[in-house]
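Visitor: I have a model open on my screen and would like to know what stands behind the terms used for it. Could you walk me through them?

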Amino acid sequence: MIGKRIVIALGGNAIQSGSATAIAQQQALNQTAEQLIEIIKQGYQVAITHGNGPQVGNILLQQIQSDSEQTPSMPLDTCGAMSQGMIGYWLENALDEQLQKEGLDKEVASIVTRVEVDPTDEAFRHPTKPIGPFYSEEGAKKQMQTDDVQFREDAGRGFRKVVPSPQPVSILEHAVIKSMVNNDTVVISTGGGGVPVYRQDNKIFGLEAVIDKDFASETLAELIQADTLIILTEVEHVYTNYNSPQQQALHEVGVEELKRFAEEGQFAAGSMLPKVRAAIAFAESKLGRKCIITSLNKALEAIEGRAGTIVKA
């Protein structure tokens, strides 16, 4: 097992457990680091990705509320970069403390990560990802009249702006991340799916979009030639017939069987389905690769084959 390279994709519950204060989020990350160190202690080369949904949402709200001629609000791509720096800083501190406790001579570093997308991606024609504050129907219509934006009703709570969620094409910093992992550095990157960018005339431009964290993590895992992708969520397993009397946990599953379950509509589009699709893509990318979907507190057991859902080609 020693020397195996793992990408660990942290779910939102690894960062925020209720309160949005800096102290509460740092405490949540301290607990997360205590779990992650058990994997690092086994000698694995580790790259960590993370979500940023609540954090970038709060940054966006702060930008909107303080918008003025003196303090103009920043665009979504810049808010995403801010959240990467903030969460990366907190997680660096938490992991560094655990590394010191364990006497492990390892460096930890976070990288603000740009993820390249195709500006002609069909997602730009059909924005689906809700962000920012809730508006009344009248307020949403007013916003759409003044700005080139789209709004959609969200779970009966009001109307929210929706932005595209394009597929990742590449990760601009992947060679740097791979080099650091090669040197046994614990790397934090690709936060919130990364900052979506595209190239034109030798320039790089940010986009008003949100990349799915699980797809971006899968892309990173391929690019740095990881052996295992671990997608951490709130449940220990992927389940069929979830939350019903017929609920059944999947332990080790092949990609063809998992595809069939997905086609049957077994997995919710906004939660488990992206994780399943990312798992299938990684397992199919090269013979011998596997993806594990499980909870944070079962991560090490899952790596050892004793927990979680293991997806293989």
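Guide: Gladly! Let's begin with the largest cavity, which is lined by Leu 10, Gly 11, Asn 13, Ala 14, Leu 232, Thr 233 and Leu 296. This is a predicted model, where local features need pLDDT of at least 70, side-chain atom pairs count only at pLDDT 80 or more, and totals for chains, interfaces and linings use all residues. Residues are numbered from 1 along each chain as its sequence is written, and side-chain values use heavy atoms, with hydrogens and water left out.

Visitor: What makes a space a cavity, and what makes a residue part of its lining?

Guide: On a 1 Å grid over the protein atoms alone, a cavity is a set of points where a 1.4 Å probe fits but cannot get out, and lining residues have an atom within 4 Å of a point. One cavity of 30 Å³ or more is counted here. The largest cavity holds about 40 Å³, a volume being the space filled by probe spheres set on the points, which are joined across faces, edges and corners.

Visitor: How is the lining of the largest cavity divided by class?

Guide: Four residues are nonpolar, three are polar and none is charged. Ala, Val, Leu, Ile, Met, Phe, Trp, Tyr, Cys and Pro count as nonpolar, Asp, Glu, Lys and Arg as charged, and the others, Gly among them, as polar.

Visitor: Why is Gly 18 called exposed?

Guide: Its relative accessible area is 63%, and exposed means over 50%, buried under 20%, and partly exposed in between (1.4 Å probe, protein chains only). Gly 18 is therefore exposed. You will find Gly 18 in the loop between β1 (5-10) and α1 (22-40); helices (H or I, at least four residues) and strands (E, at least two) are DSSP runs, numbered from the N terminus.

Visitor: How do you know that strand β16 is mostly covered?

Guide: Six of the six residues in β16 (290-295) are buried. Lys 290, Ile 292 and Thr 294 point one way, while Cys 291, Ile 293 and Ser 295 point the other way.

Visitor: What makes β16 and its partners paired strands?

Guide: Two strands pair if DSSP finds at least two bridges between them. Strand β12 (residues 228-233) and β16 have six bridges, in the parallel sense, and Ile 231 stands opposite Ile 293. Four bridges join β16 to β17 (residues 309-312), and these run antiparallel. Both pairs thus meet the rule of at least two bridges.

Terms used. 1 Å grid on protein atoms, 1.4 Å probe; cavity = no way out; pocket = protein on both sides within 12 Å on 5 of 7 lines; lining within 4 Å.
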